[in-house]
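Reader: I am new to this structure and would like a friendly tour. Could you take me through a few spots?

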Amino acid sequence: MAVLAILAKKVWCSRRLLVLLIAPLLLLPVVFALPPKEGRCLFVILLMAVYWCTEALPLSVTALLPIILFPFLGILKSKDVCPQYFVDTNFLFLSGLIMASAIEEWNLHRRIALKILTFVGVRPVWLIFGMMVSTAFLSMWLSNTASTAMMLPIASAILKNLFGEEEENTVAVGTKGMNPVPMEMQFLARREDKDFPEEAEDPPALADSNKKAEEYRKNIWKGLLISIPYAASIGGTATLTGTAPNLILLGGIKSAFPQSDVVNFGSWFIFALPLMVLFLLIAWLWISFLYGGLFTRGWKKDTEVNATGEERARAVIQEEYKSLGHMVFAERAVFVLFCMFAILLFFRDPKFIPGWSNLFKPGFTSDAVTGVSIVTILFFFPSKRPSLKWWCDFKAPNTETKPLLTWKRAEETIPWSIILLLGGGFAMAKACEFLQPQKWREFYALPPGVAMKIKYVNVRKMLTSEPNTE
């Protein structure tokens, strides 16, 4: 048994290399089961799926396999594969990531979240609502992971002051209180260790009351913490740049219908925003019903404990918001550019009214042009207010004014691997499209209205034709 255990550990340590070598051999029958090109294409797609699921190679490296395998296997030429990694959809996503970097650089996301929390209050139900609205709004423009990582420290500090001990509050209040993210079970374990000795001396009624109070606190912790990732996932569906799957769908539509511009930032926003609001409301009601005490005030009939905890949590929010100070020039500039980014993307071609893209030649502008145009301003717009006095004062320090965002900072914060992942998906879609019969490629290249008309005529002929009785 000891030998088997050691052998199992060695296999586990070499699992990535084993998957890397064995997976192509297991998938090899696919090549011979289908026509030559189709079989080789499916082989590459399944191999990439296995490598992505098992992470035998890094995700971004697996996304680069079409550049190697498609030309070698005679599926697609290299000059047709490589451009798929930098299509206009990828540049739209890149512009959203750059804008998110500028928002994080000047703490604009923190100010927005804390401002929303000051409006909704600190009652558990409304606190969950405020956290979900803040996270969903940030996730519309930032990645889901970044939005969740930004909001969890804020939620942790508020919860610590809502239910924590007096001596813990001195640590939590202030800007340093939101940096660590204490684990929920560690906090609950500390409280349970303190409460168990007291329960032996308490009367049964008081012990039962303490147990209900502790259960209530656990539910609030669970509800508030799980509401943040749920809200991030829901909020990311509202915009094209909110999450990568939206852009993959857009890339697939443009690959199948090159002449179609039905789906863009504006049309997607009009379609997805009402659904996002509906799902966010349903999620809030359900989480509040399960964990937030939607129909009950709290853990005791008298609200003295509740009021004390809520007052401490309110103080944390106000203290954190005050620590941000007044909005500096750079923060206002980023906010204005962010609004321009959203407005210009929405009104490029919103379909229900003429967009500003009608001022240019049809088909020459896209959402990528709009996004890159706005984020380019971030790299030269000054982060301090320009002053004529500086030009006239020869004794003033001659220091170069930093822009709102430097490229070095953008390189550090942008997840470049996601862009390669998108490119790998578009390369696979291009290969599948190339392997379609010529008549179907010509059919898909037609505008959607013409294609549907051809399909309608063909179906009508088929239904009205005489049945073959031979």
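Reader: Which residue just after H6 takes a positive phi?

Author: Happy to start there; this is a predicted model, where local features need pLDDT of at least 70, side-chain atom pairs count only at pLDDT 80 or more, and totals for chains, interfaces and linings use all residues. Residues are numbered from 1 along each chain as its sequence is written, and side-chain values use heavy atoms, with hydrogens and water left out. Helices are DSSP runs of H or I with at least four residues, numbered from the N terminus. Just after H6, a positive phi of about 70° is taken by Gly74.

Reader: How do H9 and H10 run, roughly parallel or roughly antiparallel?

Author: Two packed helices are described by the angle between their axes and the distance between the axes. For H9 (residues 108-120) and H10 (residues 124-139), the axes are 9 Å apart and the angle is about 150°. Angles run from 0 to 180 degrees between N-to-C directions, with axes fitted to C-alpha atoms over the stretch in contact. Over 145 degrees counts as roughly antiparallel, so H9 and H10 are roughly antiparallel.

Reader: How many residues of the contact of H9 with H10 are nonpolar?

Author: H9 contributes residues including Ile112 and Leu117, and H10 contributes residues including Trp126 and Phe137. Nonpolar covers Ala, Val, Leu, Ile, Met, Phe, Trp, Tyr, Cys and Pro. The contact holds three polar residues and no charged ones, and its nonpolar residues number twelve.

Reader: What is the phi of Asn107?

Author: Asn107 sits in the loop between helix H8 (88-105) and H9. Most residues other than glycine have a negative phi. Asn107, a residue other than glycine, has a positive phi near 60°.

Reader: Is Thr241 buried or exposed?

Author: Thr241 lies in the loop between helix H14 (204-235) and helix H15 (244-256). Among the residues it touches are Leu92 and Trp141, not counting residues up to four places away in sequence. With a relative accessible area of 4%, Thr241 is buried.

Note on methods. Helices (H or I, at least four residues) and strands (E, at least two) are DSSP runs, numbered from the N terminus. Angles under 35 degrees count as roughly parallel, over 145 as roughly antiparallel, 65 to 115 as roughly perpendicular and the rest as oblique. Contact means heavy atoms within 4.5 Å. Buried means under 20% relative accessible area, exposed over 50%, partly exposed in between (1.4 Å probe, protein chains only).
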